[in-house]
Amino acid sequence: NFLNELDTNELPFILHALVSVPAFFCILNFHRMHRRRKQQVQHNCSSSSSKKIEMEQNIDNDNDSTNERTTTVATTTSLKQHQQWEQIIMFIRQPKVYGFFTLVSMIGMSTGAVETFCSVQLQEAGLSTSTIGNLRLLSSCTSIPMYWYSGKIQKHIFRNQAQPILILTLFSFGIRFLLYALTTTTNTPNAILLCAIIAESLRGFIFALFMSTAVVHTNHLAPPELSATALMLLGAINVGLGRSMGSMLIGKLISLLGTISSSFICFAAIDFTLAILAIVITSFKDANYYGKKSNRSKMKSE
C-alpha cells in the first residue's frame, strides 16, 4: 500500500536514501580503520619519543636547552607554513595558471546554469519525467567510454594540450543551450526529443573529456608539493564558485527576460564569445612564440 501511494517524483528520493544507508556504514567502517591506524602511529611515535626523552635526560638535564629546541621547532613550522602560502600565491599568479582557472570557472558557470533549469525546460517542452530520467541515463552512459578513452584522445588528437579541449567545452555548452532553447519553439514531439538526445549526449561526452583533462593539466601545472592543493582549487573553482555563480546568474536572467529559452540563448552567446576570445588569445600567443623562436634561430645562424 505504501509503494502504491508513492508518487513517481518521491520514489527516486526514497531509493537514494536506502542506498545511502549502507554507504554510511561503509564510511563509518573506513573511519574506524583510519582512526585505529592513527592511534597506532601515535602510540609508536610516543613510545619512540619517550625513549628519546629518557636518553636526553640522562645526557643533559638542562631545561634551557629543551626550551630552545621547542622554540626552534615552532619557528621552523611557522616558516614552513609561510613558505607554503608563498608557493600557492606564486602558483596562482602565473599567467597560464590563472588563465586556465578562468576558463574552468566559466565552464563551471555554464554547468550550473544548464543543470539548474534544463529539466524544467524539458518539462515545459512537454517531455515526461520518465523520459527526462532516461535522457540522464543516456548522458551517464555516453560519459563512460569518454573517461576510458580520454587519455588517448588528449594524446593523439589534441597533442596533450588542454586549451583546445576547454574551447571545445565552451562551444559544446553553447550548442547545448541552443538545443534546449529550441525544445520550446518546435511543436513536433520527435524534434523536441531529438534536440534533448543530442544535448544530453553532448553533456556526457564533453563533461568526461573536460574533467579528465582538467585534472591531468592541473597536476601538470602544479609543482609536486602543491598537487593536492591545486586539485582542491580546481574543484572549488569549478564546482563551488563557478556552478553557484551560474545558478545565480541564470536565475537573474530568467527574472529579467521572462523565459528560460531566452536566458539559454543569452548564455549560448556568452559561451560562443568566450570561446572565440580564447581562440584569438591562444593564436596570438602562439604567433608571438613562434616569431621569437624564428628570430632566435636567425640570430644563431648569423
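1. Which arginine forms a salt bridge with Glu 115, the closest N and O atoms being 3.8 Å apart? Here the partner of Glu 115 is Arg 176. A salt bridge, by the way, is a side-chain nitrogen of Lys or Arg within 4 Å of a carboxyl oxygen of Asp or Glu. This pair links distant parts of the chain, with Glu 115 in helix 4 and Arg 176 in helix 6, 61 residues apart.

2. Before going on, a word about what you're looking at. This is a predicted model, where local features need pLDDT of at least 70 and side-chain atom pairs count only at pLDDT 80 or more, while totals for chains, interfaces and linings use all residues. Residues are numbered from 1 along each chain as its sequence is written, and side-chain values use heavy atoms, with hydrogens and water left out.

3. Now the overall layout. The protein chain has 9 helices and 0 strands, so reading from the N terminus gives α-α-α-α-α-α-α-α-α, where helices (H or I, at least four residues) and strands (E, at least two) are DSSP runs, numbered from the N terminus. Among contacts (heavy atoms within 4.5 Å) between residues at least 6 apart in sequence, 78% join residues at least 24 apart.

4. Of the 302 residues of the protein chain, 29% count as buried. Buried means under 20% relative accessible area, exposed means over 50%, and partly exposed is in between (1.4 Å probe, protein chains only). The chain exposes about 20200 Å², and carbon and sulfur atoms supply 64% of that area. Accessible areas come from the Shrake-Rupley method with a 1.4 Å probe; for residues, only the protein chains shown count as cover.

5. Back to the charged residues. The structure holds 4 salt bridges. One of them joins Arg 136 to Glu 115, with the closest N and O atoms 2.8 Å apart. That pair also links distant parts of the chain: Arg 136 sits in helix 5 (residues 129–156) and Glu 115 in helix 4 (residues 95–125), 21 residues apart. Arg 203 forms a salt bridge with Glu 115 too, the closest N and O atoms being 2.8 Å apart. Here Arg 203 is in helix 7 (residues 189–221) and Glu 115 in helix 4, 88 residues apart. Take a moment to find the whole network on screen: Glu 115, Arg 136, Arg 176, Glu 200 and Arg 203 are linked by salt bridges.

6. Arg 136 is partly exposed because it has 22% relative accessibility, and Arg 203 is partly exposed because its value is 23%. Arg 176, with a relative accessible area of 3%, is therefore buried.

7. Now have a look at the aromatic rings. A search of the whole structure finds 6 aromatic pairs. Rings of Phe, Tyr and Trp (its six-membered ring) pair if their centres lie within 6.5 Å; planes under 30 degrees apart count as stacked, over 60 as edge-to-face and the rest as tilted. Phe 100 and Phe 101 make a tilted pair, 5.4 Å centre to centre with 55° between the planes, and both residues are buried.

8. Another tilted pair is Tyr 180 with Phe 264, at 6.2 Å centre to centre and 55° between the planes. It links distant parts of the chain, since Tyr 180 is in helix 6 (residues 162–182) and Phe 264 is in helix 9, 84 residues apart. Tyr 180 and Phe 264 are buried. Ring pairs also link Phe 177, Tyr 180, Phe 264 and Phe 267 into a cluster.

9. You'll find Phe 267 in helix 9 (residues 260–301), and it counts as buried because its relative accessibility is 3%. Leaving out residues up to four places away in sequence, Phe 267 touches Met 109, Ser 110, Ala 113, Phe 177, Gly 246, Leu 249, Ile 250 and Leu 253. Phe 267 and Ala 113 are 154 residues apart in sequence, yet 8.3 Å apart in space, C-alpha to C-alpha.

10. Last, the surface. Leu 11, Leu 15 and Leu 18 make a nonpolar surface patch of about 280 Å². Patches are made of residues with over 30% relative accessible area and no salt bridge: like charges are joined within 9 Å, nonpolar side chains (Val, Leu, Ile, Met, Phe, Trp, Tyr) within 5 Å. Leu 11 belongs to helix 2 (residues 11–59) and counts as partly exposed because its relative accessibility is 36%.
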